[in-house]
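Opening the notebook on a two-chain model.

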Amino acid sequence: MIEELEIILETTSKILQKHINHSLRQNIVSENTDILNLWNEIEKNGLPKISVKEKFGGYEIPFFSILPLIKIVNNHGTPLPLSETILSNYILSESDINPPNGIVTFATDTKNLQIKNNMISGELLSVPYLNLTKNLLIVHELNNVKKAILIDEINGEIINKKNFLAEPRYDIKVKNLNIAEIRPIKNNIDFNFLGAILRSAQMIGAMEKVIDLSIKYCSERKQFGRALSKFQAIQHQISEMAVELSASSAALSTITKLGLSEKNSNDTAILKIRAGFAAGKIIAISHQVHGAIGFTKEYELSYFTKNLNSWRNDFGNESFWEEFLGKRFLEKNNKNLWEYLT
Amino acid sequence: MSKFNFPFIKETNELSNLRKEVREFITTCINNNEFTPSPDAWVFSADPSFSKKLGSKGWLGMSFPKEYGGHQRTALERYVVTEELLSLGAPVAAHWIADRQSGSQILRYGNEKQKSSIIPRITAGECFFAIGMSEPDSGSDLASVKTKATKTKNGWKLEGRKIWSTGAHLAHYMIVLARTSPASEKNRHEGLSQFLVDLSLPNVKITGIPDMTGQRHFNETLFDNVELSDDSLLGEEGKGWKQVVGELALERSGPERFLSHFTLLDSFINEFRNSLIHSGTKIVGKLISEIQTLRRMSFSVASMLQSGESPETQAAFVKELGNKFEKMMIETLREFSNIVPLHEWPNQLQNLFEDATLRIPSNSLRGGTTEIMKGIIARQLGLR
């Protein structure tokens, strides 16, 4: 399986390299044929269903093992919700729902959801790329059972559209919307955990890119007669970014190896805290070393830093997970800290 | 920017059992009043009799080969033992440097006589080392050392000064970095060599330097034309730079870079558990996330060392993050005094805290400064 994954990673890199340029990211609409072509290429290679069971036509590679793929997708700044689709399809498949073809997005959060007669009403919040698909996953808890809900004909009233972000996001109010499928999620997996892991892996891919961009820019840009990268002040700032990234990557490799279970749910919290904190530092430093050019729409840095800003806030920010970790240790434990950590 | 990975390494059941065994041993020592846990114990708290005890338990020179009295265990096993010793503030300073870096350095570069005469004594907890790198005029700029070793008829003559050598006053040997030929125009790293110097030799003069806490742990050592035997050279003449860089990877990547003040954190949490539940869950969560990340990284480096890699850069990552974490931890505790004023803390905790506050500036100096760590990383990123 490791070899299989290696090949997939390599192929994906090639596809993304070939199709993505920064202008593609500025026109994320369903009428853009370049966007459609890229999606078709992605789908042809089976990537959306990489973690879907074989019986539903997937590769059945465990979601946690494909986190390196999520990293690559976002390292290339892919202006499509491939990461969201992979996670949605995984959750659907784990709930024994056959995932649809095409893009599947999800509601990052919800408000006032009500389900009656196989229809759903309420607010679906911060839905990425709603403009590109009719398929949407909602995870909703009913009587302590977490359910996966598939919508395949989304429509409703857009109540907020966030244009200033790199990826399009929508809040939508739906009323009596037909549910295509609804089933309990296997092992009652918490969507907030999976989402936090997904966003962290995306952040790490994007942070790698941001550091590479910073290194490249500072090595080319000359001021005071020498490349910026030759100034110690600049070197130290870039090193600081690398240090933050390395800690986040270490936290991710834990999840990639261990996956997610009751026993190691702290690791998800640690990952999201670490990646979110690193993102904050890296956004600030990368813009600082880029100067004004990084603040323009034309240059690609901001595409990545805007995404980092969204992702660090999704599925619980650092404070949320710090509270979670701290509470868990202090309230449910009489052990001293070292015993608890080991 | 994906070349510096820290692959996840799982702690096996055998390792967890070893951890338990060490913990029980240390806890018994504490309960028997054999020592009082103290912060920064790997620098400040030397107890040769405790070191000897660890030696007889088989917990020193753990990864050294059996033929030299070692235990041929893994770097991961050693890691687990050192974590336990640090987290409980055990008095490990006497043997720390010998066990961490000098022994490995001798095994890697030493000749047969050096190995067979010294390694078994390190393993037994009877032979201690000091580091001979910095000099009065050479701190971060290590390649500028002026200590000179000149070839004589019977060996070498050593002349110069080393400074900031922790525990030199208790140590039997020092590995000294000295110039054996002038630096070339192009490469300052050439012409350096390492020497294994017996500190009881005539014309070695060790003077203590009290640090800002008033305690003595570091020293200045004068080598006033010290006659060294021929086989005092450690490794190859002129290859000292490469050797010393490898030694620094051992020095920088361990858990002492983030567990030096763990005893403070542990007592703090035990004391204020109830107040923390109401107003400190977030800070405790933040600290847990940092420690666990650092532990994973440092453990990962131990596994790299085990497989014979030279993780110099990864070690710099661990040290830099670890130093930052410890500073942040002390600041976090200080801010908590807004909730329970410092004068209401139990005396022992107040003392631990104030002690840590005093000592903390040294954590990002010893073993290489923050600036040096960042420089190493920058070089690996292709910026230099």
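My entries follow, with cut-offs given where each term first comes up.

**Ground rules.** I'm working with a predicted model, where local features need pLDDT of at least 70, side-chain atom pairs count only at pLDDT 80 or more, and totals for chains, interfaces and linings use all residues. Residues are numbered from 1 along each chain as its sequence is written, while chains are lettered from A and ligands numbered from 1 in the order in which they are written.

**Sheet one, chain A.** I looked up the strand order and got S2-S3-S7-S6 of chain A, an open antiparallel sheet of four strands. Strands here are DSSP E runs of at least two residues, helices are H or I runs of at least four, and both are numbered from the N terminus. Two strands pair if DSSP finds at least two bridges between them. The edges are S2 (109-116) and S6 (157-162) of chain A; each has a single partner strand, so one side of each has no neighbour in the sheet. Neighbouring strands are turned by 15° against each other on average, direction ignored. (Axes are lines fitted to C-alpha atoms, for helices over the stretch in contact; angles run from 0 to 180 degrees between N-to-C directions.) Inside the sheet, I find seven bridges between S3 (residues 119-128) and S7 (residues 169-178) of chain A, antiparallel. On that pairing, A:Ile120 sits opposite A:Leu177.

**Sheet two, chain A.** Another open sheet of four strands runs S1-S4-S5-S8 in chain A, this time with mixed pairing. S1 (104-106) and S8 (181-184) of chain A are the edge strands, each with a single partner, so each keeps one side without a neighbour in the sheet. The twist averages 25° from one strand to the next. S5 (residues 145-151) of chain A joins S8(A) by four bridges, antiparallel, and A:Leu150 has A:Glu181 as its bridge partner there. Helix H4 (residues 82-94) of chain A packs on this sheet, touching S1, S4 (135-142) and S5 of chain A, with its direction at about 90° to that of S1(A). Contact means C-beta atoms, placed from the backbone, within 7 Å.

**Chain B hairpin.** S2 (residues 148-151) and S3 (residues 155-166) of chain B run antiparallel over four bridges. They make a hairpin with three residues between them, and B:Ala149 faces B:Leu158.

**Core.** Which residues have the most contacts inside the largest nonpolar core? A:Leu137, A:Met207, A:Ile238, B:Leu158, B:Met174 and B:Phe195, in a core of 209 residues. Such a core is a set of buried Ala, Val, Leu, Ile, Met, Phe, Trp, Tyr and Cys residues joined through C-beta atoms within 7 Å. Buried means 20 or more other C-beta atoms within 10 Å of a residue's own, placed from the backbone; 12 or fewer is exposed, in between partly exposed. H5 (residues 191-220) of chain A gives the most to this core, 16 residues.

**H9 of chain A.** The 14 residues of H9 (318-331) of chain A reach 19 Å from first C-alpha to last, close to the expected 20 Å (1.5 Å times one less than the number of residues). Its buried residues include A:Trp321, A:Phe324 and A:Phe329. Their cover includes H7 (265-290) and H10 (337-341) of chain A, plus H8 (262-279) and H9 (281-306) of chain B.

**Interface.** I get 42 residues of chain B in contact with 41 of chain A. H9(B) supplies the largest share of the chain B side, 14 residues.

Definitions and conventions
Two residues are in contact if their C-beta atoms, placed from the backbone, lie within 7 Å.
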